[in-house]
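Student: Please show me how to read a protein model. Take it one feature at a time.

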Amino acid sequence: MKYNLIRKMDISNGPGVRVSVFMQGCEFHCKNCFNSNTWSFDDGEDFTETTIDKVLELCKPDYIKGLSILGGEPMHPRNIEATTKLAKAFKEKYPNKSIWLYTGGMWEDVKQMQLMEYLDVLVDGEFVVEKKDVNLHWVGSSNQRVINVPETLEKGKIIYHES
């Protein structure tokens, strides 16, 4: 399990100032991906308990509103264990801060994963350059959805996050 980058202060992958972790490795290979350097599973840094500790420390200041996990593909079978460990540790330490996760996968395919119990928002769907829309909030293309995970799980139907 590897990660590509930890961004200490990010304002583009969720509301407020956040810490973002970019997991390494992705098989979607979306055309015109903004982060194609995360595609290879062989590059990046090893994801360890020390990585989790570092992320948790970076999230400590009150001005940090939450954690965003993206990639690469954080829900790929080679990354899901590290992603789940990170999300669980974060929620245990910061229950009032939010976790946003970006995946090329679809809600319908991932909703049963244990990881969902820790997420506040899931942005799903591959980036599709033909559907690119710079006016959308938090997504790159109109096929992607910004899903309120706790409400969606509670109500049994997709509830979108309100910006």
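Tutor: We will look at helix packing and then at the backbone.
This model is predicted, so local features need pLDDT of at least 70, side-chain atom pairs need 80 or more, and totals for chains, interfaces and linings use all residues. Residues are numbered from 1 along each chain as its sequence is written, and side-chain values use heavy atoms, without hydrogens and water.

Student: At roughly what angle do the axes of H1 and H2 cross?

Tutor: Two packed helices are described by the angle and the distance between their axes. Here, H1 (residues 49-58) and H2 (residues 80-93) have axes that come within 10 Å and cross at roughly 40 degrees.

Student: Which residues of H1 and H2 meet?

Tutor: On the H1 side they are Glu 49, Ile 52, Val 55 and Leu 56. They meet Lys 85, Leu 86, Ala 89, Phe 90 and Lys 93 of H2, with contact meaning heavy atoms within 4.5 Å. The contact has six nonpolar residues, no polar ones and three charged.

Student: Which peptide bond is cis?

Tutor: Most peptide bonds are trans. Here, the bond from Gly 71 to Gly 72 is cis, and its omega is near 20 degrees. Gly 72 lies in the loop between strand S4 (64-70) and H2.

Conventions
Axes fitted to C-alpha atoms, helices over the stretch in contact; angles between N-to-C directions. Helix = DSSP H or I, 4+ residues; strand = E, 2+ residues; numbered from the N terminus. Nonpolar A, V, L, I, M, F, W, Y, C, P; charged D, E, K, R; others polar.
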